[in-house]
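These are my notebook entries on a protein structure that I was asked to look through. I set down what I looked up, one topic at a time.

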Amino acid sequence: MNDYSIWNLEYSYVTNYHMSGIIYGAHNEGHRKLPYCYTLIKGKGKTVMVDTGYNNEGGGKEMADGFGVEGWHAPEEVLGEVGVNPDEVDTVFITHSHFDHLGNLPAFKNATFYMQERELDAWIKTMSLPDYLKWPMVAVDPDDIMRAVDLVKQGRMNLINGDLENVLPGIDLFAAIDTHTPGSMYVRVRNDGPDLNNAWIIAGDLVYTYEQFGGRPNAEGVYFPVGLATGSQQNLVDVMDVMVKQVGDDYNKIIPIHEVALKDIFPSRLTQYGLQINEICLADGETSKVK
Ligand SMILES: [Zn+2]
């Protein structure tokens, strides 16, 4: 029994991203496609986004150009492929502040937002540092931070401190402090209530690829962290361990949104824009958007 549908939606991509950015220590291992995605969760009368993507103008476009991102399409087009208009989105969970996750807050005019208090605090602090200490801002657009603060002022941003179970019925938020970013967060959807064998985790950037769960050459069975941490790689691996236990000890129930192999694992299709839709699960009574 499924209360919620989950679709992972590609909205742009980097054709050749260096492997050392994907997995810690994967130097001289070439390049791989890195899809840029956000995730739609729909059910129980709720329309929920995990992250917003970025807006392809101003600071967002500058950052995207710097990372070699191509093929961007707006949320109206990407969500339209699964029959949803951005105005219908009532809730947005922000996993972290990198431009490709936080960079399109204004596209969701009717939504209430959630992010970790520490994530916003820490980036404001980093913005106050002299330029030579600002390396962590490599993928953060200060204008996105200011737009998040403006949502606080409007009363539309919930800043949470740590874990928050049942933020919506059967949906939990978990903090991952000092990992990929200072206050990263991930989302668990429990489709059968307490039965964690039918639960899913939307991992944000805490996991980039299933290979991190023990699939590295010459290190079989050993967990590896993602290639970018403003916190610590050890904290990242610790969080991976916690995540697996939170979905019935099965890492296949963790969705790494940048994983190019999702299209081979889940029912998927290419849209008219050449972007992937991965159908992770369907709510009871919902029709497939990939058939
Ligand atoms: Zn990130």
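The entries below cover the model itself, a metal site, a sheet, a helix and a few single residues.

**Entry 1: the model**

I noted first that this is a predicted model, in which local features need pLDDT of at least 70 and side-chain atom pairs count only at pLDDT 80 or more, while totals for chains, interfaces and linings use all residues. Residues are numbered from 1 along each chain as its sequence is written, and side-chain values use heavy atoms, with hydrogens and water left out.

**Entry 2: the zinc site**

Which residues coordinate the zinc ion? I found His 96 (NE2), His 98 (ND1), His 180 (NE2) and Asp 205 (OD), at 2.1 to 2.2 Å. Donors here are N, O and S atoms within 2.8 Å of the metal (3.2 Å for Na, K and Ca), and a site may look incomplete because water is not among the atoms.

Along the chain, the donors of the zinc ion have the spacing H-x1-H-x81-H-x24-D. His 96 sits in the loop between β5 (91-93) and α4 (99-102), and His 180 in the loop between β9 and β10, so the pair ties together parts that are 84 residues apart in sequence. Helices (H or I, at least four residues) and strands (E, at least two) are DSSP runs, numbered from the N terminus. I recorded both His 96 and His 180 as buried. Buried means under 20% relative accessible area, exposed over 50%, and partly exposed in between (1.4 Å probe, protein chains only).

Why is the arrangement around the zinc ion irregular? The four donor atoms subtend angles of 91 to 163 degrees, and this makes the arrangement irregular. Four donors count as tetrahedral if all angles lie between 85 and 135 degrees; four count as square planar and six as octahedral if opposite donors are over 155 degrees apart and all others between 65 and 115; anything else is irregular.

**Entry 3: the sheet**

I then traced an open sheet of five strands, in the order β8-β9-β10-β11-β12, with mixed pairing. Its edge strands are β8 and β12, each of which pairs on one side only. Two strands pair if DSSP finds at least two bridges between them.

Strand β8 (residues 164-168) runs antiparallel to β9 and is joined to it by two bridges. Leu 164 has Leu 173 in β9 as its bridge partner. In the hairpin of these strands, with two residues between them, Gly 170 has a positive phi near 80 degrees.

How many bridges pair β9 with β10? I found seven, in the antiparallel sense. Leu 173 has Val 187 in β10 as its bridge partner. The hairpin of β9 and β10 has five residues between the strands, and Asp 178 in the turn shows a positive phi of about 55 degrees. As for cover, six of the seven residues of β9 are buried.

**Entry 4: helix α7**

Helix α7 (residues 233-246) has 14 residues and spans 20 Å from its first C-alpha to its last, close to the 20 Å expected at 1.5 Å a residue. The expected span is 1.5 Å times one less than the number of residues. Among its buried residues I listed Leu 236, Val 239 and Met 243. The cover over the buried residues of α7 includes β9 (171-177), β10 (183-190), β11 (199-202) and β12 (254-255).

Asp 238 also belongs to α7, but I found it partly exposed, with a relative accessible area of 39%. After α7 comes Gly 248, which has a positive phi near 70 degrees.

Most residues other than glycine have a negative phi. Asn 28 has a positive phi of about 55 degrees although it is not a glycine; Asn 28 lies in the loop between α1 (19-22) and β2 (31-43). I recorded Asn 28 as exposed, at 83% relative accessible area.

Asn 218 has a positive phi near 65 degrees and is found in the loop between β11 and α7. At 86% relative accessibility, Asn 218 is exposed.

Terms used
Contact = heavy atoms within 4.5 Å.
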